[in-house]
Amino acid sequence: MEGFVSVHAAYKIFELASNAQGQLNRTGLYKALALCALAQLGKTINDKILESFSDKDLPVPSLAELSELQRLSTEQRRKQKNSMLTLSFHELNELDSVKVDLVPEKKGVIIKHVEYNVTSQRYKVTVGRRYNDFHALHETLIHRYPYRIIPSLPPKKIGGISTEFLESRRKSLRRFLNIIAKHPVIAEGRLGILKFFLTFTGSDCQSKLKEQFRNAPDEFMTNELALKAKELVPMDTQVQYSNSRTFVAALIQSVNRLKDISERLVKRSLELSVDMKQIAVELSTMTSSSSVVTSWATGPSDSWDHLQKGFKHLSVEYSTLSEKATRKAANEELRILEELEAFLALLMAYRDLCDRHQKGVLNDHQRALNKMGSIKKKQMHATVRGSDGAGENFESRILAQESAITNMENRNYFSLHCIQMETQLIHSNMMMLSNAFREMAGVESAGYSELSQCWQNLLQLVERVMPSQNGQTSPPTSPSRSLSSPGITL
């Protein structure tokens with residue numbers, strides 16, 4: 001990779017550039033930079049290589065972006081502490097941020113399909129993707145990372161697709177990608193499955209993705225920690241795992257209720273917007289009324305004339321109220337509800353992971369043990385009957401089954417180790433709850449402040465342009481004037 005040298009070369013460079021105390025002075029730093037440049041050019045580093053530059057300028061190394069250096073630093077910290085997630089919530093968010101936008105026009109000549117523009121902040125590229133491409137990615141990730149948090153996809157729907165359904169699915173796909181893109185293992189995976197999905201610019205992404213990673217082994221087969229997973233699993237892991245499942249299950253219920261409340265906040269703001277807009281429409285209708293009203297009907301009262309003139313001004317203010325309420329609803333949905341739904345998706349993906357562990361690894365291990373018992377039972381019967389050649393056949397089968405059991409046990413330990421890391425990932429993302437409440441306080445405070453100011457303006461306008469109890473319009477009044485209802489002041 002441009003800007004980096006091998007670990008072996010780095011050790012050699014430090015050895016040649018540092019002083020006897022293992023420190024770098026200014027001269028040593030310049031020497032180290034020159035040696036790095038030569039290593040990047042593919043030169044073999046030794047103590048004589050700089051002698052040819054005695055009368056020449058030293059080469060300049062190629063430096064990578066600081067963000068890439070930071071990523072490698074955090075990756076190195078993670079490897080050094082195998083049973084600890086060393087990334088903070090901020091560092092997880094820095095891994096990537098992915099946008100998913102709906103392409104306005106459906107693609108396809110005969111059969112129309114919906115397409116999304118997917119933009120990765122990390123890879124600085126926008127690619128077009130269909131729902132089937134997301135589905136292929138999900139299947140590939142489940143196969144490659146069976147012991148990691150993989151969020152579920154929204155269901156596929158054929159026919160009768162409404163705008164509301166498309167928008168809901170777009171948000172779900174965005175949540176799916178962002179959870180994956182901020183996962184420290186999946187985002188930095190050696191095979192580059194996620195990178196391929198986010199950067200491949202050719203056609204038929206789903207077929208190419210399946211073809212590219214069809215024979216890719218799962219994480220257990222390639223992770224260097226798999227063989228020593230037993231050493232990484234604490235003695236009380238089963239108890240802690242059970243406690244965590246109970247904790248997350250209760251948390252899912254609470255966050256679900258918070259999500260329902262937030263949805264009602266959005267609904268109430270939208271209802272207020274609709275009501276205020278309807279008032280504005282009715283005021284405009286009464287303003288433009290062409291009905292003839294004579295003194296026969298009004299007598300000495302001129303209230304209707306004043307009201308019609310005032311309704312025109314009031315209609316504008318009520319339209320403003322409607323716009324403010326709509327904006328408040330949009331902020332509630334984007335900044336509060338979306339944060340809660342993203343955290344809920346993460347929690348439910350953790351629950352699915354625990355289910356996979358229970359139904360997959362543990363069941364496979366138990367089946368392997370049962371099969372071993374069955375083979376030994378058959379061996380015993382064959383021995384009693386004195387069957388020729390049966391002993392060697394059963395011995396080979398027992399050895400093969402013992403190997404399978406050992407493999408299942410190692411997978412079980414590796415799965416438990418991964419679950420511990422994924423549990424820590426959940427707790428690192430607890431800040432999403434904090435963000436949701438911070439956004440709730442900010443959105444509601446700003447929204448009600450704007451609405452309050454609109455009502456203040458409306459009150460002053462009503463006092464100015466509408467007739468008073470004596471049938472005359474009144475001069476503008478102070479906003480602090482007490483209203484006729486007892487206990488209400490503005």
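In this predicted model, R122 is partly exposed, with a relative accessible area of 25%. Its salt-bridge partner is E188, and the closest N and O atoms of the two lie 3.2 Å apart. R122 sits in the loop between β2 (115-120) and β3 (125-130), while E188 sits in the loop between α6 (163-181) and α7 (193-199), so the pair ties together parts that are 66 residues apart in sequence. E188 itself is buried, at a relative accessible area of 17%.

E338 forms a salt bridge with R175, the closest N and O atoms being 3.0 Å apart. Because E338 belongs to helix α13 and R175 to helix α6, this pair ties together parts that are 163 residues apart in sequence. R175 also meets E341 in a salt bridge, again with an N to O distance of 3.0 Å. Here E341 is in helix α13 and R175 in helix α6, 166 residues apart. Through shared partners, salt bridges join R174, R175, E338 and E341 into one network. As for burial, E338 and R175 each have a relative accessible area of 12%, and E341 is buried at 19%.

Helix α13 (residues 303-385) also holds S322, which is buried, with a relative accessible area of 6%. Beyond its neighbours within four places in sequence, S322 is in contact with S273, M276 and K277.

Elsewhere, helices α5 (residues 131-144) and α8 (residues 205-213) pack at an angle of about 15°, their axes 8 Å apart. That angle makes α5 roughly parallel to α8. The residues of this contact comprise five nonpolar, three polar and three charged.

Technical notes: Residues are numbered from 1 along each chain as its sequence is written. This is a predicted model: local features need pLDDT of at least 70, side-chain atom pairs count only at pLDDT 80 or more; totals for chains, interfaces and linings use all residues. Side-chain values use heavy atoms; hydrogens and water are left out. Axes are lines fitted to C-alpha atoms, for helices over the stretch in contact, and angles run from 0 to 180 degrees between N-to-C directions. Helices (H or I, at least four residues) and strands (E, at least two) are DSSP runs, numbered from the N terminus. Angles under 35 degrees count as roughly parallel, over 145 as roughly antiparallel, 65 to 115 as roughly perpendicular and the rest as oblique. Ala, Val, Leu, Ile, Met, Phe, Trp, Tyr, Cys and Pro count as nonpolar, Asp, Glu, Lys and Arg as charged, and the others, Gly among them, as polar. Buried means under 20% relative accessible area, exposed over 50%, partly exposed in between (1.4 Å probe, protein chains only). Contact means heavy atoms within 4.5 Å. A salt bridge is a side-chain nitrogen of Lys or Arg within 4 Å of a carboxyl oxygen of Asp or Glu.
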